[in-house]
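Here is a short report on charged side-chain pairs and on one helix packing. Please keep the structure open while reading.

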Amino acid sequence: MAILTLYLAGTAGSALAAIEVRTFDDPVMEQRFDDLSATLRCPKCENQAIGDSNSPIAADMRERVYQQLQEGRSDKEIIDFMVQRFGDYVLYNPRLEGRTLLLWGLPGALVLVGALVVAVLIRSRRNARAGELSDEERRRLDALIEMDDMAGERHSHKEGK
């Protein structure tokens with residue numbers, strides 16, 4: 001029983017040590033911290049914000065965000081610092097720059113190309129249907145051809161006489 005009590009006390013102490021306590025005098029500052037922690041991605045974790053990650057690097061990033069907020073830096077300055085230090089990967093939405101134009105423009109270009117392909121397919125099917133004759137049109141065409149053949153035979157008989 002004593003061993004179980006010592007084990008529980010030891011694990012509870014280590015769990016409490018992992019909890020980060022940050023105090024903010026201003027609720028707006030606390031909201032900014034929460035927003036930045038949700039906006040920045042952990043470079044070690046797969047698709048996880050630093051506010052949700054337990055990795056040491058995410059904890060370090062949260063601490064740096066907290067320190068910079070306390071120093072009075074703007075959100076843009078803090079994000080710029082993190083991008084400079086860890087790269088564009090820390091942003092869930094990369095910035096629109098020359099090197100990210102393809103990333104931002106490709107979805108729109110693919111939608112446009114898809115719309116053009118659909119339009120071409122629809123037009124080609126309409127033209128294919130327009131080329132087919134209905135039964136009534138075929139009968140009229142056959143009748144005209146027969147009349148032309150008969151007129152041609154009469155003409156050749158007259159010339160032969």
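D80 is partly exposed, at 25% relative accessibility. This comes from a predicted model. The side chain of D80 meets that of K76 in a salt bridge, with N and O 2.9 Å apart. K76 is exposed, at 57% relative accessibility. Both residues belong to helix α4. They sit four residues apart there, about one helical turn.

How many salt bridges does a search of the whole structure find? The count is five. Three of them are described here, the pair of K76 and D80 among them.

D75 pairs with R32, and their closest N and O atoms are 2.7 Å apart. D75 is partly exposed, with 28% relative accessibility. R32 is also partly exposed, with a relative accessible area of 22%. Buried would require under 20%.

E71 and R73 form another salt bridge, at 3.6 Å from N to O. The cut-off for such a pair is 4 Å. E71 is exposed, with a relative accessible area of 53%. R73 is partly exposed, at 34%.

| Salt bridge | N to O distance |
|---|---|
| D75 and R32 | 2.7 Å |
| K76 and D80 | 2.9 Å |
| E71 and R73 | 3.6 Å |

Now the helix packing. Helix α3 covers residues 56–70. At what angle do α3 and α4 pack? The angle is about 145°, and the axes are 10 Å apart. The crossing is right-handed.

Which residues make the contact? From α3 come I57, D60, M61, R64, V65, Q68 and L69. From α4 come D75, E77, I78, F81, M82, R85 and F86. By type, the contact of α3 with α4 holds eight nonpolar residues, one polar and five charged.

Technical notes
Residues are numbered from 1 along each chain as its sequence is written. This is a predicted model: local features need pLDDT of at least 70, side-chain atom pairs count only at pLDDT 80 or more; totals for chains, interfaces and linings use all residues. Side-chain values use heavy atoms; hydrogens and water are left out. Buried means under 20% relative accessible area, exposed over 50%, partly exposed in between (1.4 Å probe, protein chains only). Helices (H or I, at least four residues) and strands (E, at least two) are DSSP runs, numbered from the N terminus. Axes are lines fitted to C-alpha atoms, for helices over the stretch in contact, and angles run from 0 to 180 degrees between N-to-C directions. A crossing is left-handed if the near helix is turned anticlockwise from the far one by less than a right angle, and right-handed if clockwise. Contact means heavy atoms within 4.5 Å. Ala, Val, Leu, Ile, Met, Phe, Trp, Tyr, Cys and Pro count as nonpolar, Asp, Glu, Lys and Arg as charged, and the others, Gly among them, as polar.
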